[in-house]
Amino acid sequence: MTTTPSPASSWTPERPWRGIMVATALPLRDDLSVDHDAYAEHVRWLLDNGCDGVVPNGSLGEYQTLTDDERARVVRTAVQAAGDGARVMPGVAAYGSAEARRWAEQAGEQGCGSVLLLPPNAYRADERAVRAHYADVAGAGLPVVAYNNPLDTKVDLTPALLAQLHGAGHVVAVKEFSGDVRRAYEIAELAPELDLLIGADDVLLELAVAGAVGWVAGYPNAFPASCAALYRAATAGDVEAALPLYRSLHPLLRWDSKTEFVQAIKASMDIVGRRVGPTRPPRTPLSDAAGAQVRAATEKAVADGHH
């Protein structure tokens, strides 16, 4: 089988949400201030090592703990470091639709290519509220990628609802984090032009085989080159090449779906020499047991030649 990525799974300026878009971890100093210089270097390093773009101000970027000034500067830093705003897809989630739209407008002002948007998550919104939310933010003019994370938000963007949002022109793609890979096929049936993006690292191969054309990724923060090789083999349909990589990396990839995913990915980054610092409260350091598991899996990945 070929190991060349299919055109659909490759990043293009016209569809800048495709390919490997890394949900970037945010470097913090010991005093918990944002290290913007380190963040800029990290963005450049990811792009130099096979990733297509970055997603600042996602959950992995601890956006909930940032001030408005910090959050805006993170986007500016990412755009400047990437050298091409189209390669930056900021998270614009907020408690209110008006605030989310303001963040989308800020992303547009900085030249970003798209934005990533959770449904309303301050309460369990019904479908009418969800549709209004996405319509409002889409009005900012940037392509909107929906983010389905029903475990955390308690709002489920079902295939039928996604089809409605796409049909109305309010979303171009979905970051699918439910973990239910069966949804890929229903989404393709109900909304064949809606791009499916892998939303959880530990279902990468299953969703790639099912037709995903992008990956909003966590563990490339620590192992970008190996994760890029895995993604490109998987989306090319080269299961023979992808499966050994997937099995080798899966003890780490599954941490992306755990509550402590931010701490785990930051710990892996520190272990491989990508010093990224602590997390902001209310997140606390990994327990001794969890930290030992992450260290063992990370060190094994290094021993296996991943980088």
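User: Which residues lie nearest the centre of the largest pocket?

Analyst: Keep in mind that this is a predicted model. S59, Y63, Q64, L118 and R283 lie nearest the centre of that pocket, and 34 residues line it. Among the elements, α2 (68-82), α5 (150-153) and β7 (214-217) each give two or more residues to the lining. The largest share, 3 residues, comes from α5. The space inside is about 740 Å³.

User: What kinds of residues make up that lining?

Analyst: Sort them by side chain and you get 16 nonpolar, 10 polar and 8 charged residues.

User: You mentioned β7. How do I read which way its side chains point?

Analyst: Here's the general idea: in a regular strand, side chains alternate between the two faces of the sheet. In β7, G214 and V216 point one way, while W215 and A217 point the other. All four are buried.

User: Which strands pair with β7, and in what sense?

Analyst: Strand β1 (residues 19-23) pairs with β7 in the parallel sense, over 4 bridges. Strand β6 (residues 195-198) also pairs with β7 in the parallel sense, over 2 bridges.

User: Okay, what about rings? How many aromatic pairs are there?

Analyst: The count comes to 2. To read a pair, look at how far apart the ring centres are and at the angle between the planes; planes under 30 degrees apart count as stacked, over 60 as edge-to-face. Y147 and F177 sit 6.4 Å apart, centre to centre, with 85° between their planes, an edge-to-face pair. Y147 is in strand β4 (residues 144-148) and F177 is in the loop between β5 (173-176) and α7 (183-190), so this pair ties together parts 30 residues apart in sequence. Both residues are buried.

User: And why is the pair of W215 and Y231 called stacked?

Analyst: Because the planes of W215 and Y231 are at 25°, with the ring centres 6.3 Å apart. W215 belongs to strand β7 and Y231 to helix α9 (residues 224-235), so the pair links parts 16 residues apart in sequence. W215 is buried, with a relative accessible area of 0%, and Y231 counts as buried at 1%.

User: Where do charged side chains sit over rings?

Analyst: Look above the face of a ring for the charged end of a Lys or Arg. The charged end of K175 sits over the ring of Y147, 3.9 Å from its centre. Likewise, R274 lies over the face of W45, at 3.8 Å from the ring centre.

Definitions and conventions
Residues numbered from 1 in each chain as written. Predicted model: local features only at pLDDT ≥ 70, side-chain atom pairs only at ≥ 80, totals over all residues. Heavy atoms only, no water. 1 Å grid on protein atoms, 1.4 Å probe; cavity = no way out; pocket = protein on both sides within 12 Å on 5 of 7 lines; lining within 4 Å. Points joined across faces, edges and corners; volume = space filled by probe spheres on them. Nonpolar A, V, L, I, M, F, W, Y, C, P; charged D, E, K, R; others polar. Phe/Tyr/Trp six-rings, centres within 6.5 Å; stacked < 30°, edge-to-face > 60°. Buried < 20%, exposed > 50% of the residue type's maximum accessible area, 1.4 Å probe, protein only. Lys NZ or Arg CZ within 6 Å of the ring centre and 35° of its normal. Pairing = 2+ DSSP bridges.
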